Structure formats: structure tokens, C-alpha cells
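The following exercises are to be worked with the sequence and the structure at hand. Each task is followed by a solution in steps.

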Amino acid sequence: MPAQDLTTPGGLLLVLAVLVPFAGMLAGLALGGRNAQRVALATMPAGLGIAVAIAGALSGAGGELVYLLGNWAPPLGVALRADAASALMLVAVAVVISGIAVYACGDFSTPRSAREARAPLTFWILLLAVWGSLNLVLVGGDLFTLYVALELLTFAAVPLVCLDGRGETLQSALRYLLFALLGSMFYLLGAVLLYGSYGTLDIALLAARLRPEAVPFAAAALMTAGLLAKTALFPLHIWLPPAHAGAPAAASAVLSALVIKGSWFLVVRLWLKAMPSLAGLASMQVLAGLGAAAIVLGSIVALRQERLKLLIAFSTLAQIGYLFLMFPLAFDPASAQLAAGNALAGGIMQAVSHATAKAAMFMAAGSIYAALGHDRLEGLTGIGRAMPVSMLAFALSGLALVGLPPSGAYLAKELLLEAAAQSAQWWWTIVIQAGGMLTASYVLLVLAHAFTLGERSTARVSRAARIGEMAALTLAACSLLLGLLPWDAWLPPARPALSLPLSLEALSKGLWPLVAGALLAIWLGRWGHPAPFGKAIVARLGAARRAGLAVGKLIERIDCRLRQWPAASVSLLVVAMLLGAAVMVAR
Amino acid sequence: MTAPTIFGICAALLVGIGLFGVIISPHPLRKLLAFNLIGSGVFMLLGAVARRGAAAGMGGDPVPQALLITGIVVAFSATALAVALLLRLFNETGSVTLAADARAHPDAGDT
Amino acid sequence: MIAALNIGVAALVLALALFTIVARESFAACVGFLAYGLLLTLVWVQLQGLDVALIEGAVGGGLTGVLVIGAAVRLRSTQAAADAARLGMPARMLAVLLSGGVAAAMAACVLALPDPAPTLAPQVSASMAATGVANPVTAVLLAFRAMDTLLEAIVLVLALIGVWSLAPDRVWGGRPALGYDVDPDGILAYVARILPPIGIVAGIYIFWAGADHPGGKFQGATILAAMWLLAMRAGLTDAPPVDRKWLRLALVAGPAAFFAIGLAGTVTAGAFLAYPDGYAKVLILAIEWALLPSLALTLFLLMAGAPQRMSAP
């Protein structure tokens, strides 16, 4: 039997990584009441331990953990496979879920008066289900098992959106469910075509048998389009802003930080592991082109938001675009294939840092909402002094997202820039730098509102909420310090850990996007009265600002149009056809 | 024309009809029906693939047939969840439109 | 001759599908969809997939059809708003173009599939003896790709939790579905008294026969769930409140047993979901027996819906 078809020692860890959360989910349902929360909290250390063990087994890169379920080898049986990238994502998922669980103890504890309450019980069960399905997505090695994993992820995520039972969230949840189901159907259609052509659904076997022919091209385009719909990449982002903004804070954190990473990771897995030879430069440019559009649209609309949670949701939209910039940069012209290298390392690092930072952001926003009763940006005056912990968490995570060293995003940006330089695709360099500036703009917008000196804020933080604030701060600190970890043990291109004290060069590389971002925020942001900076500056900018606001309004209108159902579903078909055409053109 | 070819093309047309329904139907229940049509089209294609794989004394390749059983059950549970959401939305708001309300856009911040 | 029959069936299926999309009234569309699902059973018979035909008729046509018809009845008042929001001709033309394009691409792929088709049937046939079951689909479902079946059981429970989460807070723990006001002497109550015993026997038989003939636990569980649903709709019995301990345990028992047998396999046969030599058929039957009641219960509760009323104290 070829080496890939043998269960490797330590492979059982992969099975446990998937089973432990699901076993917890079933136990929580059976025991009911407060026990669901207790089971969930008990599962956290176990799951974290398993993820760390898997990462430990895979350090020193190049290896792979394989597990043959039932001792049946593919193509007849199903295999679980994990490589260094999966291991890192597994640990990231475990850490972020643990942080969210700590935060959610405040919002989702069963009240003393009832034996069992709807929202707490279902939240904890769904949280474990999200964890289990994500782990399955990360280690699954068979396209159909991955389809079931995607459906599990959707069924676990959708009820989280409408957990509070309001009309708007129910509507957002229904929209999410229908669009996500469309995506799964496209994915399944592609998988069916692949089985029809090659007689197997195992990723490793497909990689060996795949030839650049018409049917695999169509399958690749369909599967990618379906996964893009589930990841909410522009222009398929119809469901994301209202769903992520309307959900309860802990649920938003899970949805933004983790759930969308699942389908993104599948796109990476598909192109880098299953079909590297199919990827022409054209199709990869299409993917990254959509990503660039997402960055621009998401950031500019974020700048125009009046509510904090919507701003953060649109920020997620922009950051998703960032995740897709790695694809053309992974293209190796020498072998005309996608290769794991700087680009993959950068992509994984970006995903991990976004997961931690975005979770912290939503958690901080949730604490602010709970304390203030609303999350309007203009009402945040003085909150910097009333809730220093939450604002510090928000600031740290925001700066981490911008790419201030030693954050993970800084390292990711360096890796992507290096890949762009190596492959001489200078236009992506521009996009990457612009992305940093745009991220800085809306982060600074929020911070400016929050730290404006004004009348004393009326926010009150309850004692139970303080633990949540600390959890947010911890995750935010994690995201800011990610660059210090020894990443090169798993992703060789990642440079050895940045050392403190940071060099002046590194600091300046991190600081100039902030300056540029501040200028963008002043230019395009919608400031209420009174503007925090002098009216004199505003008057002087005059015409430039009016032009900028007009552009912003236009982009917001385009976004509104695209987020109507007919336009979105048409876009899905157009994206699928575009990808299909691009894949064929490269031949 | 063999049965798999006929039903394979039928499956392609079903997917097309379903996609048309998904795009143009304003009512979420009709979108759900259209989604189920797409699903049955995909499943029919898998069935055609299974029939083409008849060998070793079996009428069809059993692996795709097993996948079909799983797929049909998963599609049913998706429909059940969607219907429950739909009914709850109706009970809560009295309407089932998916179109987001146009946001009231005070341009006060545009100074 | 056969080709003409197949073309005829395919044409009928397509006509029903088209009707489902273009029908003005949602209720008519849902009835058309139910008919479509039942007609698909014929397609599966023509494609020699008898297990799939059974599940399509039971779940794809039957349960799904009943579900959407029930929804259409409740949502009658939203028809007017939907009619008002119909898209104009340019949008419809664009939709026809794009979906036609995708359909054409897919048809081209169908015609481009390789001949001879790659197949796993020989491998299944060669390895089936170790599993002890004679139905190859059951062998794939419960031996070669048992993980997918385990995950499927979890999908059903998860969907049920999702449906339950949609209950209003004040009736959490109550009974699903509204009570029905049914004439105790009417035809529905009569059928609901006659049919379930026959249905239960049929369901258990189809489940039992699934090891060696077309059938299996999903098909059998659907029939059992349908019988309970019929009795409930006729007012002969009521749905249980969702906070009952026995209900929760019954839901979880099937997947839990599946888990346990799978884990036992790591010790006795060296891999998760592996069966030790000679015990394969016994363990497979054990899993199926454990899953049958859980599946029937889950399917019934999915059809019944979210809790709507508190049970009388």
C-alpha cells in the first residue's frame, strides 16, 4: 500500500478532535438544563489539549497525520488527514472557542429561576457543534465527508444568528440558510462530477488522478463558487453584515472569527491539495480580484456605519477579501501549479490573527452594548474612561488587524509581500498595502469616537461582565503578540520569531498605515456633530471631503444593490461561470 | 440513448430550472422548493453516475447510492430547518420577505 | 422501448418541476412538488437504485412534501406580498440565460464523462464478505463509510436542536405543533386507526430486510415516524413535550451507541469504526437497532416542528 494509505501513529488524535465536541454536544442535550454549559466548559480543556497534541506531532513540518476510518483505505473508505496548516488552525479554533466560552458565561448562563432556558441551552450545544464541524472540516480527507461537515457547520451557525428571536435576526438567519444551502449544492455538484470522472472522492487520490480536462474544470469552478458563497466573499456577501451584526455578541464572535474560516480553508485545501495542476494564473487572479474588491467595498462601507457591530461586520467582509489574496501569490510559474510556500504561510497566519482579533472585537463590542444599551458610534463618547478594559481590548485587536508588529497580521503581510515580490505581481503589493491603510481607517474611527473627551459616559459594567472583558482582552493581546511565536516550526517560510525590542524598521512599517488610515478616516468617515477635531480643519478640506463622501455613498449604494437576493443569486452564477472560463483559458 | 445519459441530461435541466426558480421567486418558500429541485437534480446526476458504474453483478455502483441516501436525508433536514425558520419569521413579523428594509439614511454626518 | 419510457418519465419530471416554479400560488406549487417527489421514485427504479428509490419516496417526496404543504397552508396570507414583488421581464430573461448556461455546461459535462465509467463496485464486491451483509449499499453505509452515517445521525439531531431553538421563550419545553381539531368520526381518524399497525409492521420489515435486500434503517424509520405523525394529526395522540428526560435520552441513544461501538473498534479491531473479524454483522445489526428508534423519533420531531404550546400541568 502506498505510504499515504497507512494510518500514522497519533492518527487517533484526529478522530478524537472531531468526536470530543460532538460527544459533548450529545451529552449536553441529554443532560439538559445547566449541564449543557458545564459539559461545554469541561470539553474546552480536552479539545484544546487534543489540538495542541496534534500540533506537537506535526511540528518540524512536512509530515502528515493520516487515519483510515474503519481500517478501510480510500477509495473505498474514508481517511482523515492533517498537515501543519490544519494543525495550526485546529489550535487557533480551540483557543478562540475557549475564549468565547469564557465570555459567554456572562450572557448565556441559565437563570436561577428556571431549570432550563432556551437560549443558554441551545447556545452551548450549538457552540460545541460548531467546534466539532470545524475540526471535521480541518481534518477531513474525503470530499463527501467534507460536504457533510459543511452542512453541519451551517446547521450549527444559522440558529446562532437568530438566538434572540427578533424579526430582523430571523430574516437574516433565513437569508443565510438559503444562500449557504445554495453554496453546498454547488459544492456537491462539483464533487459528483469529480466522482463521475475519477471514481474517488479522496483528496489525495484525486490529486494523483486529476487531469486538466473539461469536467474537472467545471467541477473546480462550481465547488469554488459554492464555497465562496459560504465564505461571503464579494459579491456573494448578501447574508453576512446583518447576520453577524444582529447575532448576540458571543455568537457574532463565533460566526465572524471561525465559521467563515471553515469554508475558506476548504478552498485552500481544494486548490492546493486536490487540484494544484488545474489552477491557472487567470483563475487565481479572479479569486484575488474579488478579494481586492471585498477589501475596498467592505472598508469603505465600514467607514460609513453608524453602529459599532455593523462596522465590525463590514470589517469582516474586508478581511475575508484579504484571505483570498494568497491564491495568485501561491502560483509557481516554474511548475505552472500552486505551491505551498510564503503565500500559504501568509494566508494561514492572516486567518489565525483575524480569528483572534475579530473575536476580541466582537466581544468588546458586546460588553459595550451590554453596558450602554446601544452601540451607536456617536454615543460612545467617554466610553474610553468608563470601560477601559473593553476599549483596550478593541484597540489592541484593531491594531493587531492593521498589522502593527509583533502581531500575526504583520508577519502575514510580510510573507505575502515577499511572495508578491518573488512572483513579480506588483499590483497585489499595492492591494496589500492599501488593505492595511483601510483597516486602520475604521479602527481609528472607532477609537476616535471612544476616546473623545466629552461628558461622562453612563456605562455601567456588571461584575459578571468583567470576566468577559478580561477574556476579550486576553484574546486581543494574543492577536497582538502572535508574531512572537515560533511559526517556522510549522510553516517554514515564516521567519523566526520577531524579537523584542522591535527594530525601528519594523515599527515604522507598522506605523505608517496608521497615519495613512487616519487621513482616510478624516476624509471618508461620517463624523457626527461636534466633530472631534476642529471645524477649521473640516472647512479647509471642504471640497475634497464632499467628493470623498459622494464616492462613499455611491459604494454603499452598490453594496445595498448587491445584497438584494436577485443580484446576489445572479452574481453566484456569474462568479461560477467566470471561474470556469478562467480555469479553461489558462490552458 | 442509455438511461444514465437521459437522466443525466434531465438532471442538468432540473438544476437549470431550480436555479431559475431560486433567482426569480420572491417568496422564501418557493425559493426553498427551487433549492430542493436543484438538490434532486444533483442527486439524479449522482444516480446516473452510479448506474454507469454497474459492474461485478450489481445494477449500479453502491458507493454513490449510499452517498445519495445520506444526501437526501441531509437535504430533508435542511428543508425542515428552513421551514421552521420561515414559520417562526411569519409568526414574529407577519411577513416573510427576505428583502432588507432600505435603511433610513440621515446624512447628518456628511459635513 | 426502454429509452422511450425513460424519455417519457424524464419529460414528465421536467414538466412537474417547471410547474413547481411557475405556478402562481404557493400551495399549488407545493402539491406539484409532492407529486414530483413521488415521480422521482420511478426514476430511481429505472436507474436501478432501489434503496434510493425507497428513501426518495419516503423522505424526499413524502416527508418533504408534507412539510412544505403544511407551510404553504400557514403562509397563505403572504401570497399577496410575494405577488407584488415579482421581478420584471429583463431580470427574468437574465435569469433564464444564466441558469440555461449552467444547465448547458452541466449537460456537456454529462456527455463528457469517461467511458468506461470508473466504478468502485468490484472493490465493494470483493470486500463485502468481511461485513457479513448481502446488501452492498448497507455495507457501504455501515462498514466502509460508516463515518458518514454517524455524521448523518448527528446532522439530524443538530437540525432538530436548530428547530427547537426557534421556539418562543415562554413555551420552551412545551409540545411541538398546535393541537388539531379533528372530527373523531371522520375519515382521517378512521385511517389513522387502521393504517399505523400495518405501517409499523411494514416499517420494521423494511428495516430488517435492509441487511440483505433494498431497505434499511432510514427507510424503516421514516415509515414509523410517518405513522406517528398520522396519529398525531388525527388527534389520536399528541407530541411529547421537548423537555422530557426520556425524549432527550431516546434522541441521543442511537448516535451514542454508534459512538460506543466505534470506539470499541479502536480497541478490538485497531481503528475507529472497525469491526473485529466475525463480529461485523452482529455489530452492524446492533448499530441499526440502536439507531432505528432514535431516527424515527428525530424524523417525527423534525416534522412536528418547534414547541408551540405548554403542556397542561
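Predicted model: local features only at pLDDT ≥ 70, side-chain atom pairs only at ≥ 80, totals over all residues.

**Exercise 1. Fold and extent of chain B**

Solution. 
1. The C-alpha trace of chain B spans about 75 × 30 × 25 Å along its principal axes.
2. Burial is considered next: 75% of the 111 residues of chain B count as buried. The criterion is 20 or more other C-beta atoms within 10 Å of the residue's own.
3. As for contacts within chain B between residues at least 6 apart in sequence, 48% of them join residues at least 24 apart.

**Exercise 2. The contact between chains C and B**

Task: State how many residues each chain gives to the contact, and identify the element of chain C that supplies the largest share of its side.

Solution. 
1. Chain B contributes 69 residues to the contact and chain C contributes 77 residues.
2. On the side of chain C that touches chain B, at least two residues each come from helices H1 (2-22), H2 (26-46), H3 (50-74), H4 (79-84), H5 (89-112), H6 (121-127), H7 (136-144) and H8 (146-164) of chain C.
3. H3(C) supplies the largest share of this side, with 13 residues.
4. By residue class, the side of chain C that touches chain B comprises 53 nonpolar, 16 polar and 8 charged residues.

**Exercise 3. The two domains of chain A**

Task: Locate the domains of chain A and describe the side of domain 1 that touches domain 2.

Solution. 
1. The domain assignment places domain 1 of chain A at 1-141 and domain 2 of chain A at 167-585.
2. Taken over C-alpha atoms, the centres of domain 1 and domain 2 of chain A are 24 Å apart.
3. In the contact between them, 32 residues of domain 1 of chain A meet 37 residues of domain 2 of chain A.
4. Strand E2 (79-82), helix H3 (84-107) and helix H4 (118-139) of chain A are the elements giving two or more residues to the domain 1 side.
5. H3(A) provides the largest share of that side, 16 residues.
6. The domain 1 side divides into 24 nonpolar, 6 polar and 2 charged residues.

Methods. Residues numbered from 1 in each chain as written. Chains lettered and ligands numbered in written order. Contact = placed C-beta atoms within 7 Å. Helix = DSSP H or I, 4+ residues; strand = E, 2+ residues; numbered from the N terminus. Nonpolar A, V, L, I, M, F, W, Y, C, P; charged D, E, K, R; others polar. Buried ≥ 20, exposed ≤ 12 C-beta atoms within 10 Å, placed from the backbone. Domains from an automatic or database assignment.
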